[in-house]
Amino acid sequence: MEKQAIKQVEETDYEVRSLDSMCLNESNLVHPWYYNFKYSLVGILFGVVFIKAEIISWFRIQEMFRLESFHMYGVIGTAVVVGAISVFLIKKFGIKTIHGEAITFTNKKFNKGQIIGGLCFGFGWAMTGACPGPLFAQVATGAYVVLVVIASALLGTWVYGKFRNQLPH
Amino acid sequence: MIETLREPWPWYMAGIIIGLIVPALLILGNKHFGISSNLRHICAACFPSNISFFNYDWKKESWNLFFVGGIIVVGILSTLFLGATDPVIVHPDLAKDLAAYGVTDFSGLVPADLFSWAQLLTLRGFILMGVGGFLVGFGTRYAGGCTSGHAIMGLSNLQWPSLVATIAFMVGGFIMANFILPYILAL
């Protein structure tokens, strides 16, 4: 009975994890924890772009939604084109990771959350002027009050997890 | 040198680098770009509270927290060594509309007239920071991703549910910024 319950949790988790942008295919390689710093280097690059291209500015986000500036559309549009070409090339040539493992992709399944949740996030994005990445960057550049926004976002995530089964999907 | 570092970058340069983060994470370890998952990992690590959604091995996803750590390091270093960022040149229409609500300080990344500890105690500040933040956390998890996971990673992999999510983000933001935010700012 207990085993079955655990299995069920795993299955629902699998479903959610595939809906999420989380990595599903567990690596069989075991690396020391500090190997994770290679991802920090990519994060550093991302952070530099955030600051240098003013992506973390509340004003830039307002201009985007008020159609007063092309800047953010240009950034996101270019990123999608570059990302799509990269994914296409990785698939076409079967490029592997630096550790020789296959690179895998999961297909996202449609559910109502993408519309309802998407609208909720859109409201929050325009109010706070930040999506989750920029929130961390804003705090780091000295806007400490944004910690309150992050705490609220954690609460929002937690409340979603708590009431997930009652929400339409 | 410092001058070049200080100047803001054009959109295409930023777009190309952000786009290259997608293959960089894939090639470094088959990782999929998506920042908002970290909010879930932090919940799983700190307040799992016996909720099945938060009972998983978050340590397996800790690479993503290291990734965010990189963003935080840059923010701290740039503030320490390059000083405060130059004020953003705000579109005159936006500046005029904001001035009508008493928002006149455009020097920071977030408007100091709206995002401050003192403002947090006002209804307007509480709605913007508290309710706004809640909607970011709730909405991204409900939608299964944010701008990075859906709009960039999902669209790069040609996933139509991600296109639906991206359109919903933009529609939500458009409605808020143009039709609802003016009433909140007037509070």
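Helices (H or I, at least four residues) and strands (E, at least two) are DSSP runs, numbered from the N terminus. This is a predicted model, in which local features need pLDDT of at least 70, side-chain atom pairs count only at pLDDT 80 or more, and totals for chains, interfaces and linings use all residues. Residues are numbered from 1 along each chain as its sequence is written, while chains are lettered from A and ligands numbered from 1 in the order in which they are written.

**View 1. Chain B has 9 helices and 0 strands.** From the N terminus, its elements read α-α-α-α-α-α-α-α-α. Along the principal axes, the C-alpha atoms of chain B fill a box of roughly 50 × 45 × 35 Å. Of the 187 residues in chain B, 49% are buried (20 or more other C-beta atoms within 10 Å of a residue's own, with C-beta atoms placed from the backbone).

**View 2. Chain B meets chain A.** Here 116 residues of chain B are in contact with 115 residues of chain A (contact: C-beta atoms, placed from the backbone, within 7 Å). Helix 2 of chain B gives the largest share of the chain B side, 18 residues.

**View 3. Val49(A) sits in the largest nonpolar core.** Such a core is a set of buried Ala, Val, Leu, Ile, Met, Phe, Trp, Tyr and Cys residues joined through C-beta atoms within 7 Å. This one has 94 residues; Val49(A), Val75(A), Ala126(A), Val146(A) and Ile152(B) touch the most other members. Leaving aside neighbours within four places in sequence, Val49(A) is in contact with Ile55(A), Ala14(B), Ile17(B) and Ile18(B).

Terms used: Contact = placed C-beta atoms within 7 Å. Buried ≥ 20, exposed ≤ 12 C-beta atoms within 10 Å, placed from the backbone.
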